[in-house]
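Have the viewer open as you read.

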Amino acid sequence: MVVYNIYIFDNHGTFLFYSEYKRVKKAEMSHSEEGKLMYGLLYSLKSMCQKLSSNDSSAFNCYRTNKYKLNYMETPSGLWFALNTDVNANGVKELLQSLYQQVYVEFVVKNPECERGKPIESALFKHEVDEFIRRSPQFR
Amino acid sequence: MSRQTNKLADSKKVNNELFTLTYGALVAQMLKDHENCEEVNKQLERMGYSIGQRLIEDFLARTNCARCADLRDTADKIQSAFKMYLTMSPSITNWSTSGDEFSLVFDSNPLTEFVELPDSYSTMLKYCSIIPGIIRGALEMVQMEVMCWFVQDTLRGDPSTELRIRMVKKMEDAIPVGEN
């Protein structure tokens, strides 16, 4: 599995966190601009899935292009995780769930310095996320 | 923050008594600072609210549960949270006919062990105000606005401790304001 980059938002559209690993093509726009576009994309996809779904379980999980796959996970508390990987990556849902459990909760929620709804500045958190992604079984 | 050597999210077992006495010290200190029970109740509730906002993430990560389908579902989850964090199992009773209100009845409360309220405080001070705050803060994070208060309290001589929870409204995800 190749991991390209990761985005974390909250449900008010705040761009909480970004980290990249193997990103070849750089966007020609500012970091915050990209965050807004990404959030808008996720928001639209989610609401489209809700409207088009034939049953109640209208969760949007991922989309694929022929070059990459965007994996999405949302927590009930309104955190949005988006992780770009190669097309054939699998088991990413579990990976994101344990990232939330073992890294976000441990190093953001339990860190009184990190306020909710503000971008995460903690260097420790960034370090731990990077470690976690690199340690993940399929990472190469 | 100190680096944790143990990466696994383990639920550390804490001595109940230490927690009880720490909370007691907090309330005593606040009574010194404010002298006014109303203010202390308000501040405890506010502290609880902040705790609840963080605690919910820990709860969700550990239980891996989805958003609540309805208030009955919520009640069950709150009950399991009490088991997890305070090792007590309140019973869920007294549903209102419209199904938007219920009570949690505690037989024992770890917060109030070794506690007696002096007469001067027994009517005004809501000793456990932090709990309604925690519940309110936690539920707000999962898009539910509730009201939460104590109807009965053993500290005031009632036969049991009863916490009432009322659903106010469901909140919606906000669309961020765009910049044109």
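Predicted model: local features only at pLDDT ≥ 70, side-chain atom pairs only at ≥ 80, totals over all residues.

Side-chain values use heavy atoms, with hydrogens and water left out.

| Item | Value |
|---|---|
| Residues from chain A | 32 residues |
| Residues from chain B | 22 residues |
| Area buried between chain A and chain B | about 2,400 Å² |
| Share of that area from carbon and sulfur atoms | 51% |

Contact here means heavy atoms within 4.5 Å, and buried area is the accessible area (1.4 Å probe) that two parts lose on being put together, summed over both.

The rule finds two salt bridges across the interface of chain A and chain B, each being a side-chain nitrogen of Lys or Arg within 4 Å of a carboxyl oxygen of Asp or Glu. Asp58(B) and Lys110(A) pair up in a salt bridge, at 3.6 Å from N to O. On the chain A side, helix H1 (31–52), strand S5 (79–85), helix H2 (92–109) and helix H3 (123–135) each supply at least two residues; helices (H or I, at least four residues) and strands (E, at least two) are DSSP runs, numbered from the N terminus. H2(A) gives the most, with 10 residues.

Now for Phe82(B): among the residues that Phe82(B) touches are Met88(B), Leu104(B), Phe106(B) and Ile131(B), leaving aside residues up to four places away in sequence.

How values were computed: Residues numbered from 1 in each chain as written. Chains lettered and ligands numbered in written order.
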